[in-house]
Amino acid sequence: MDERQWKAFEQAALEHLEALYGYARSLVRNPTEAEDLVQETYLRSVKAARENLPAGNLKAWLFTILRHLWINRWRQQAHGPDFVPLECVDPAADELSDEWQRPDVLLEQHLLRDQIRTAIENLDDGFREVIVLRYIEGFSYSQIAQILGCPAGTVMSRLSRARAELRRQLQHAREPRRKMVP
């Protein structure tokens, strides 16, 4: 690999840093552990790339490495991960930047965002993972299947059941508020 190829690889790999960190946080639910996982992912990817540059989708390749590292850590610890809320961004910071929105609309958006976040956190691990990969990271079914190491049909099935569970939870969460509004 020449210097130009190496620089291109580094730059392309670093473009996925934020997405990898978000995925790692959704898996381990601890910012420090997520940073460690991402750092280990980049270390492994650099070692592997020195041997042979990855062909195909670099982002999916990095996510696959990260997921394998997470599974290995999880197995070594011999217990499930400790999950933390998906709160990556302070919702109040977004709301303050837009002074033109009405307070009642902002409150409704804030409540809905919290309900969605809570519903995603309450999903089983396998369902939460496919929701994060598909709707937050934007991977295709085949890319998710590659990352998870399972058939695309399994991914579609998990997504379908995850969406149904989210609908159920969100419907249940919104019903009491509807009754309170005159």
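The model is a predicted one, in which local features need pLDDT of at least 70 and side-chain atom pairs count only at pLDDT 80 or more, while totals for chains, interfaces and linings use all residues. Residues are numbered from 1 along each chain as its sequence is written, and side-chain values use heavy atoms, with hydrogens and water left out.

Let me turn to helix H4, residues 58-77, where helices are DSSP runs of H or I with at least four residues, numbered from the N terminus. At its start, a side-chain oxygen of asparagine 57 comes to within 2.9 Å of the backbone nitrogen of lysine 59.

Which helices pack against H4, and at what angles? Helix H1, residues 3-14, packs against H4 at about 70 degrees, with the axes 10 Å apart; axes here are lines fitted to C-alpha atoms, for helices over the stretch in contact, and angles run from 0 to 180 degrees between N-to-C directions. Helix H8, residues 141-148, packs against H4 at about 35 degrees, with the axes 8 Å apart.

In the contact with H1, meaning heavy atoms within 4.5 Å, Phe9, Ala12 and Ala13 of H1 meet Leu58, Trp61 and Leu62 of H4. On the H8 side, the contact is made by Ala60, Phe63, Thr64, Arg67 and His68 of H4 together with Gln143, Gln146, Ile147 and Leu148 of H8.

Key: Helices (H or I, at least four residues) and strands (E, at least two) are DSSP runs, numbered from the N terminus. A polar contact is a pair of N or O atoms within 3.5 Å; within protein, one must be able to donate a hydrogen and the other to accept it, and residues adjacent in sequence count only if both atoms are side-chain atoms.
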